[in-house]
Amino acid sequence: MGTIATRDLYELIGGANARGERVVVATVAETRGSTPQRRGAKMLFFENGETAGTVGGGCVEAEVWAEAREALRTGKTALHHFTLTADEASEEGMVCGGTMDILIDVGEHA
């Protein structure tokens, strides 16, 4: 899964809104050190379980997906901090070792 173009992002959100489906938008707000994505990278999580885009892959994306499901359940937007230690990165076959702040935003997007 790769990064998502802004136009595609808005088209996917618009389609979900037209279906009455909520969407969680995860946005990389800040990075420090070596990370798989840069600030501004986005990933969409739909109520039906589909996704689009990426915020980094591997263990970070799994954690973001868990937070997105929780956001869909609670309706609460929050900023989350993720640490990519060198040990965790090597276990996933990555070369990362930095930190990422990711905004998990749920609600009406238009």
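User: Which residue lies over the face of W65, and at what distance from the ring centre?

Analyst: This is a predicted model, in which local features need pLDDT of at least 70 and side-chain atom pairs count only at pLDDT 80 or more, while totals for chains, interfaces and linings use all residues. Residues are numbered from 1 along each chain as its sequence is written, and side-chain values use heavy atoms, with hydrogens and water left out. A charge sits over a ring if NZ of Lys or CZ of Arg is within 6 Å of the ring centre and within 35 degrees of the ring normal. The residue over the face of W65 is R69, at 5.0 Å.

User: Is W65 buried, partly exposed or exposed?

Analyst: Buried means under 20% relative accessible area, exposed over 50%, and partly exposed in between, using a 1.4 Å probe and protein chains only. The relative accessible area of W65 is 23%, so W65 is partly exposed.

User: How is the aromatic pair of F45 and W65 arranged?

Analyst: Rings of Phe, Tyr and Trp (its six-membered ring) pair if their centres lie within 6.5 Å; planes under 30 degrees apart count as stacked, over 60 as edge-to-face and the rest as tilted. One aromatic pair is found in a search of the whole structure. The ring centres of F45 and W65 are 4.8 Å apart and their planes lie at 15 degrees, so the arrangement is stacked.

User: Which elements does this pair tie together?

Analyst: Helices (H or I, at least four residues) and strands (E, at least two) are DSSP runs, numbered from the N terminus. The pair joins parts that are 20 residues apart in sequence, because W65 lies in helix α2 and F45 in strand β2 (residues 42-46). The elements are therefore α2 and β2.

User: Why does the span of α2 agree with expectation?

Analyst: The expected span of a helix is 1.5 Å times one less than its number of residues. Helix α2 (residues 58-74) has 17 residues, so it should span 24 Å.

User: Which residues of α2 are buried?

Analyst: An α-helix has 3.6 residues a turn, so residues three or four places apart point the same way. V64 belongs to this helix, and its relative accessibility of 0% makes it buried. The buried residues of α2 are C59, V60, E61, V64, A68, A71 and L72.

User: Which residues does V64 touch beyond four places in sequence?

Analyst: Contact means heavy atoms within 4.5 Å. Not counting residues up to four places away, V64 touches A26, F45, V55, F82, I102 and I104.

User: In what order do the elements of the protein run from the N terminus?

Analyst: The protein has three helices and five strands. From the N terminus on, their order is α-β-β-β-α-β-α-β.
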